[in-house]
Amino acid sequence: PVEPPTVENGVTAALPDPRWNGETWLANPFYTFAAFTVGKSNQMAHAAALGVADDPGLTYNPLFIHGGVGLGKTHLLHAIANVVMRKGLRTLYVSAEQFTNEMVQSIREHRNEEFRQRYRTNDVLLVDDVQFIAGKEGTQEEFFHTFNALHNVGRQIVLTSDRPPKSIANLAERLQSRFAWGIATDIQLPDQET
């Protein structure tokens with residue numbers, strides 16, 4: 001966790017930005033809740049994401065957001081990350097493809113335990129495009145155990161997909177079931193006003 005700001009001579013010292021690890025942004029600083037346009041098509045997903053950001057691990061765990069391309073799923077993931085990292089929570093945002101690639105590399109390099117530590121020690125895990133793991137048995141097995149390890153200790157999991165859990169072909173039934181444990185909400189095409 002990030003240390004609280006220090007106060008010296010009545011001036012509060014600025015905290016380092018936890019979204020920056022010295023090399024790259026861990027969350028897009030422009031994808032915030034304030035920058036997200038809310039309308040009838042996405043208000044439930046927005047409200048659920050806000051709830052998760054306010055009380056990670058306690059509300060809607062897991063949160064599963066699904067919808068078409070370009071409707072704001074990734075924006076909401078980054079908005080959550082921007083809030084929870086400011087709270088000092090250890091947060092990891094990855095795409096499902098990145099999860100898969102890192103897992104394969106860790107197997108090749110005999111660094112399985114290092115891989116597991118990277119994913120299973122977070123307070124908040126955000127995974128974009130989880131439908132990518134469909135049909136990949138080894139990835140699904142590892143993700144199943146990662147999900148369980150985090151969920152069993154009350155850590156927050158947020159997933160996005162282009163379709164609801166039950167509609168992801170070639171996704172293990174036990175993952176479909178776990179993805180529906182919390183809340184699954186969709187984002188529709190916006191109306192003209194939005």
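Select helix α1 and colour Ala45, His46, Ala48, Ala49, Gly51, Val52 and Ala53: these residues are buried, meaning under 20% relative accessible area with a 1.4 Å probe and protein chains only. The model is a predicted one, in which local features need pLDDT of at least 70, side-chain atom pairs count only at pLDDT 80 or more, and totals for chains, interfaces and linings use all residues. Residues are numbered from 1 along each chain as its sequence is written, and side-chain values use heavy atoms, with hydrogens and water left out.

Helices (H or I, at least four residues) and strands (E, at least two) are DSSP runs, numbered from the N terminus. Now show what lies over α1: the cover of its buried residues includes β3, α2 (73-86), β6 and β7. Helix α1 (residues 43-54) lies across β3, β6 and β7, running at about 135° to β7. Such angles run from 0 to 180 degrees between N-to-C directions, and axes are lines fitted to C-alpha atoms, for helices over the stretch in contact. Contact means heavy atoms within 4.5 Å.

Next, select the sheet. Its five strands follow the order β4-β5-β6-β3-β7, in an open arrangement with parallel pairing; two strands pair if DSSP finds at least two bridges between them. At the edges are β4 (91-95) and β7 (183-187), each pairing on one side only. On average, neighbouring strands of this sheet are turned by 15° against each other, direction ignored.

Zoom in on β3. Five of the five residues of β3 are buried, so the strand is largely enclosed by the rest of the structure. Leu63, Ile65 and Gly67 are on one side, Phe64 and His66 on the other. Strand β3 (residues 63-67) pairs with β6 (residues 156-161) in the parallel sense over four bridges, and Phe64 has Leu159 as its bridge partner in β6. Five bridges join β3 to β7, also running parallel; there, His66 stands opposite Asp186.

Finally, select helices α3 (residues 96-108) and α5 (residues 137-151), whose axes come within 10 Å and cross at roughly 100°. That makes α3 roughly perpendicular to α5, a term for angles of 65 to 115 degrees. Show Phe99, Thr100 and Met103 of α3 with Gly138, Thr139, Glu142, Phe143 and Thr146 of α5, which make the contact. By class, it has three nonpolar, four polar and one charged residues; Ala, Val, Leu, Ile, Met, Phe, Trp, Tyr, Cys and Pro count as nonpolar, Asp, Glu, Lys and Arg as charged, and the others, Gly among them, as polar.

Conventions. Angles under 35 degrees count as roughly parallel, over 145 as roughly antiparallel, 65 to 115 as roughly perpendicular and the rest as oblique. Buried means under 20% relative accessible area, exposed over 50%, partly exposed in between (1.4 Å probe, protein chains only).
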